[in-house]
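Keep the sequence and the structure in view while reading.

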Amino acid sequence: MVYADYTYYSGNYMGTVSEEDFPRLAVRASSFLDYYTRNRATDNADLDAVKMCCCALVDKYEVIEAAQALAMKNLANASANDAEVKSETVGSYSRTLATGGESALSALNATDGAKKLLAETCIEYLAHTGLLYRGGGCRCTLPTL
């Protein structure tokens, strides 16, 4: 179940993802929302907080995809033994090159950092809804004397 449509995303959330990319990212965002709420979001799909969280997750998944694409490009460059300029100084000319492997590692680290933001985003939007509750209630028995 997708929790927000493009009309809500562009009108209420005022996001910047293109209408073409939105359905793919919204499916991923909704799937993560189901995972993180233990499917409690399904019963509360009409909540504004759930829709806003889905939209925010769409934005995060766009960043993740961009970082993954950059990592793949840099890995391809690494296999072709291409290097990119890491730093360059003009006065008394100096140039430092980064290998494709270094660039790919940097992009993959950015991807991991962005994935950590998914949980933080859910907490930000859903903390006050009760959808993130992890307890199972008290299953304690009273002590006997």
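**The core and the rings around it**

In this predicted model, the largest nonpolar core has 31 residues, and those with the most contacts inside it are Leu33, Leu57, Val58 and Leu126. Helices α1, α2, α4 (48–79) and α5 (100–126) each supply at least two residues of this core. The most comes from α4, which gives 10 residues.

Leucine 33 shows how the parts meet. Residues up to four places away in sequence aside, leucine 33 touches Tyr3, Ala41, Val50, Cys53, Cys54, Leu57, Cys122 and Leu126.

The overall layout can be set beside this. The protein has five helices and two strands, and along the sequence they follow the pattern α-α-α-α-β-β-α. Of its 145 residues, 32% count as buried. Among contacts with a separation of 6 or more, 71% are between residues 24 or more positions apart. The accessible surface comes to about 9200 Å², and 55% of that surface belongs to carbon and sulfur atoms.

The buried residues in α2 are Phe22, Leu25, Ala26, Ala29, Ser30, Phe32, Leu33, Asp34 and Tyr36. An α-helix has 3.6 residues a turn, so residues three or four places apart point the same way. Serine 30 has its place in α2 and counts as buried at 1% relative accessibility. Leaving aside neighbours within four places in sequence, serine 30 is in contact with Met1, Val2, Tyr3 and Cys54. After α2 comes arginine 38, whose phi is positive, near 55°.

Now the aromatic rings. A pair of aromatic rings is described by the distance of the centres and the angle of the planes. How many aromatic pairs does a search of the whole structure find? The search finds six. In one of them, the rings of tyrosine 9 and phenylalanine 22 have centres 5.0 Å apart and planes at 40°, so this pair is tilted. The pair links distant parts of the chain: tyrosine 9 is in helix α1 (residues 6–13) and phenylalanine 22 is in helix α2 (residues 22–36), 13 residues apart. Tyrosine 9 is buried, with a relative accessible area of 0%, and phenylalanine 22 is buried too, at 4%.

Phenylalanine 32 and tyrosine 35 form another aromatic pair, again tilted, with 5.7 Å from centre to centre and 50° between the planes. Both of these residues lie in helix α2, three residues apart, which is about one turn of the helix. Are phenylalanine 32 and tyrosine 35 buried or exposed? Phenylalanine 32 has a relative accessible area of 13%, so it is buried. Tyrosine 35, in contrast, has a relative accessible area of 61% and is therefore exposed.

Ring pairs also build a group: Tyr6, Tyr9, Tyr13 and Phe22 are linked by them into a cluster. Tyrosine 36 is itself among the buried residues of α2.

Notes. Residues numbered from 1 in each chain as written. Predicted model: local features only at pLDDT ≥ 70, side-chain atom pairs only at ≥ 80, totals over all residues. Heavy atoms only, no water. Phe/Tyr/Trp six-rings, centres within 6.5 Å; stacked < 30°, edge-to-face > 60°. Helix = DSSP H or I, 4+ residues; strand = E, 2+ residues; numbered from the N terminus. Buried < 20%, exposed > 50% of the residue type's maximum accessible area, 1.4 Å probe, protein only. Core = buried A, V, L, I, M, F, W, Y, C linked by side-chain atoms within 4.5 Å. Contact = heavy atoms within 4.5 Å. Areas by Shrake-Rupley, 256 points an atom, 1.4 Å probe, with all protein chains shown as cover.
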